[in-house]
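Thanks for coming, everyone. Please bring up the sequence and the structure, and we will walk through some charged residues and a few backbone details.

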Amino acid sequence: TARPETWKRLDSEILQKDWPHASGHSMPIRVMAVDSGYATQDVYAFVRNHPQAVWGGSGARASQPRTAVAVKGQARDTALILSVSKADTGGKRRGLRVWNVSGPVAKMELYRWLKLEWPTQEAQADGVAFPPGSCHFPQYGEEYFKQLTAERRVIRIHKGFPKATWEKDPSRNNEALDCRVYARAAASIYGLDRMSDYRWRRMEEALGMKANIPKRGVEIPVTEETRAKPSEPVKPKSRFTQRKTVKSDDPYL
């Protein structure tokens, strides 16, 4: 990573390239996440030359394709995207931000998805869909899947309390797992977790795929009965209930 040619190849051969889709069309990379834990200043210099994602009240947003973000893995497990902080690039921030990503959250989600049961071929022929979260892989070799499952979640006692940690198998590499974690973070920054069925169908239609686009909102059918008899307005319930007055014969009350 110390050679400028490496970053030029990453840009020209990966980020600027359109990748084939199963429909026959091609798609650009929406968001690329680059680990800033090593060669930090080189990562900042690369990311700064590309469109940036923004963080607002509604979460992350990457409006332009080929967006590049600097990410850093964290051990906290409260959310996938933990926080966004400004980066100090040689004393000049220049608006560059570092996205702190929770490795435990992404790994736990991935391992849960890998255990999903797929429908049989007969069920698929009958129209049964894959469960949400199903992972589809190309014809990768065995080494890729060894790296993808190179870590395991164990419970250790820390200061008298159980604490979950992820430990790597010393006989395996885990580069494929790290790439998967940061790719999941990039998908979240793009807005994958907030996308509605309507938007998914619109994207399928743009790729030339047959898509049944649902209508926005819910339509209530109007019949002759509902047209002739309008619905009566519902009276709002009072927040306070008036209690009945009870007279007592006790002279001391």
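**Loops, salt bridges and a surface patch**

Let's start at Ala 39, in the loop between β3 (31–35) and α2 (40–48). One reminder before I go on: this is a predicted model. The phi of Ala 39 is near 50 degrees, a positive value in a residue other than glycine. Why point that out? Most residues other than glycine have a negative phi.

Now to Arg 66. Its phi is positive too, near 60 degrees, and Arg 66 is not a glycine either. Where does Arg 66 lie? Look at the loop between β5 (59–61) and β6 (67–74). Is Arg 66 buried or exposed? Its relative accessible area is 19%. The cut-off for buried is under 20%, so Arg 66 counts as buried.

What does the side chain of Arg 66 meet? Asp 18, in a salt bridge, at 2.4 Å from N to O. This pair links distant parts of the chain. Arg 66 sits in the loop between β5 and β6, and Asp 18 in the loop between α1 and β1 (19–20). They are 48 residues apart. Asp 18 is partly exposed, with a relative accessible area of 39%.

Arg 66 has another contact to show you. A polar atom of its side chain lies 3.1 Å from the backbone oxygen of Leu 15. Next, find Ile 14, in helix α1 (residues 4–15). Ile 14 and Arg 66 are 52 residues apart along the chain, and their C-alpha atoms are separated by 9.8 Å. Ile 14 counts as partly exposed, at 31% relative accessibility.

On to the other salt bridges. Side chains of opposite charge can pair when their charged atoms come close. How many salt bridges are there in this model? The count comes to 10. I will pick out a few.

Take Glu 151 and Lys 107. They form a salt bridge, with the closest N and O atoms 2.6 Å apart. Glu 151 lies in strand β9 (residues 151–158) and Lys 107 in helix α3 (residues 103–114), so the pair ties together parts that are 44 residues apart in sequence. Are these two buried or exposed? Glu 151 is buried, at 7% relative accessibility. Lys 107 is buried as well, at 12%.

Next pair: Glu 167 and Arg 156. Their side chains meet in a salt bridge, 3.0 Å from N to O. Glu 167 is in strand β10 (residues 161–168), Arg 156 is in strand β9, and they are 11 residues apart. Glu 167 is partly exposed, with a relative accessible area of 27%. Arg 156 is partly exposed too, with 43%.

There is also a network. Salt bridges that share partners join Glu 109, Arg 184 and Asp 193 into one.

Last stop: the surface. Which residues form a negative surface patch? They are Asp 35, Glu 143, Glu 175 and Asp 178. Turn to Asp 178, which is in helix α6 (residues 175–190). Asp 178 is partly exposed, with a relative accessible area of 31%. A patch takes residues with over 30% relative accessible area and no salt bridge, so Asp 178, at 31%, passes the area cut-off.

To recap, keep two places in view. One is Arg 66, buried and paired with Asp 18. The other is the negative patch that includes Asp 178.

Notes. Residues are numbered from 1 along each chain as its sequence is written. This is a predicted model: local features need pLDDT of at least 70, side-chain atom pairs count only at pLDDT 80 or more; totals for chains, interfaces and linings use all residues. Side-chain values use heavy atoms; hydrogens and water are left out. Patches are made of residues with over 30% relative accessible area and no salt bridge: like charges are joined within 9 Å, nonpolar side chains (Val, Leu, Ile, Met, Phe, Trp, Tyr) within 5 Å. Accessible areas come from the Shrake-Rupley method with a 1.4 Å probe; for residues, only the protein chains shown count as cover. A salt bridge is a side-chain nitrogen of Lys or Arg within 4 Å of a carboxyl oxygen of Asp or Glu. Lys and Arg count as positive and Asp and Glu as negative; His and the chain ends are not counted. The place of a charge is taken as NZ of Lys, CZ of Arg, CG of Asp or CD of Glu. Helices (H or I, at least four residues) and strands (E, at least two) are DSSP runs, numbered from the N terminus. Buried means under 20% relative accessible area, exposed over 50%, partly exposed in between (1.4 Å probe, protein chains only). A polar contact is a pair of N or O atoms within 3.5 Å; within protein, one must be able to donate a hydrogen and the other to accept it, and residues adjacent in sequence count only if both atoms are side-chain atoms.
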